[in-house]
Amino acid sequence: TGDTINANVALDNQGTLQVPTTGTVNGALTNTGTIGVRGSGAVLTVASGFANNGLIELEQAANGGTARLNVTSGTLSNSANHTIRSLGVSTNANVLDAQVTNLGTLEVQRPLTITNAGRTFDSSTGTLDIATGNTLTVTDGTTRIGGATGFGTGTGTLDLAGTHALDLVSNLTLAAAGWQLGLSGAVTIDAAAARTLTNQTTLTLTGDTINANVALDNQGTLQ
């Protein structure tokens, strides 16, 4: 609680690391256990990127106060078969302030905001499981998804906010039964090579740009 682990001390978490208020890890962090950032105003700040080979949970307090994980530099890599989860009781968004590469599952039981300015959020081979009525908001930067991006069981919304680039690494189908794509920001949809974005949902384009490499096949509602 309110403690700092300095840069010359490595933290190898194989059990449970609970952060009910604030904590700072300036040294190397290894996680094969559970990191829980829980409670109103709870903040864990990690100086350098690390791989999550366990479970990370950001949990709101009963009063709706939110939890936050900051990774100051480098990349937070969520490994295959592992989970980062946002949970709680309110509609307020927990915050993940990090460059994230998701190879496992990002489970959004309650709203989550990824602070992404100047960064790339890559879930091109990971699963986004966004519960119905909830939103995963990625603010600014680049979001990278494609046909290997998993949809999980939820029908919530992946919202790209701010000035944003959506990079399609392969053909992508937005299925009616999966999460919905929201474009609340000024979004440019692009790809390094020819790709097809197939829409079977309701997709709203407002001030957005679809570049020449992306063909939009609308089988749902486009507005």
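Predicted model: local features only at pLDDT ≥ 70, side-chain atom pairs only at ≥ 80, totals over all residues.
**Salt bridges and a nonpolar core**

Let's start with one side chain: Arg85 is buried, its relative accessible area being 18%. Under 20% counts as buried, so Arg85 at 18% falls on the buried side of the cut-off.

What does Arg85 form with Glu57? The two are joined by a salt bridge, with their closest N and O atoms 2.5 Å apart. Arg85 sits in strand β11 (residues 83–87) and Glu57 in strand β9 (residues 55–59), so this pair ties together parts of the chain that are 28 residues apart in sequence. Glu57 is itself buried, at 10% relative accessibility.

Arg85 has a further partner to follow. Its side chain also meets that of Glu107 in a salt bridge, at 3.0 Å from N to O. Here too, distant parts of the chain are linked: Arg85 in strand β11 and Glu107 in strand β13 (residues 105–108) are 22 residues apart. Both Arg85 and Glu107 are buried. If you widen the view, salt bridges with shared partners bring Arg38, Glu57, Glu59, Arg85 and Glu107 together in one network.

Now move to another pair. Arg68 and Asp97 form a salt bridge in which the closest N and O atoms are 3.3 Å apart. Arg68 belongs to strand β10 (residues 68–78) and Asp97 to strand β12 (residues 94–102), and the pair links these distant parts of the chain across 29 residues. Across the whole structure, a search finds 8 salt bridges.

From charged pairs, let's turn to the nonpolar side chains. In soluble globular proteins, nonpolar side chains tend to be buried together. In this model the largest nonpolar core has 46 residues, and Leu96, Leu136 and Leu158 are those with the most contacts inside it. Which strand gives the largest share of this core? That is strand β18 (residues 157–168), which contributes 4 residues.

Leu158 is a handy place to look around. Setting aside neighbours within four places in sequence, Leu158 is in contact with Leu128, Ile130, Leu136, Val138 and Ile145, and also with Trp179, Gln180, Leu181 and Gly182. One of these partners, Leu136, is also named among the residues with the most contacts inside the core.

Note on methods: Residues numbered from 1 in each chain as written. Heavy atoms only, no water. Salt bridge = Lys/Arg side-chain N within 4 Å of Asp/Glu carboxyl O. Helix = DSSP H or I, 4+ residues; strand = E, 2+ residues; numbered from the N terminus. Buried < 20%, exposed > 50% of the residue type's maximum accessible area, 1.4 Å probe, protein only. Core = buried A, V, L, I, M, F, W, Y, C linked by side-chain atoms within 4.5 Å. Contact = heavy atoms within 4.5 Å.
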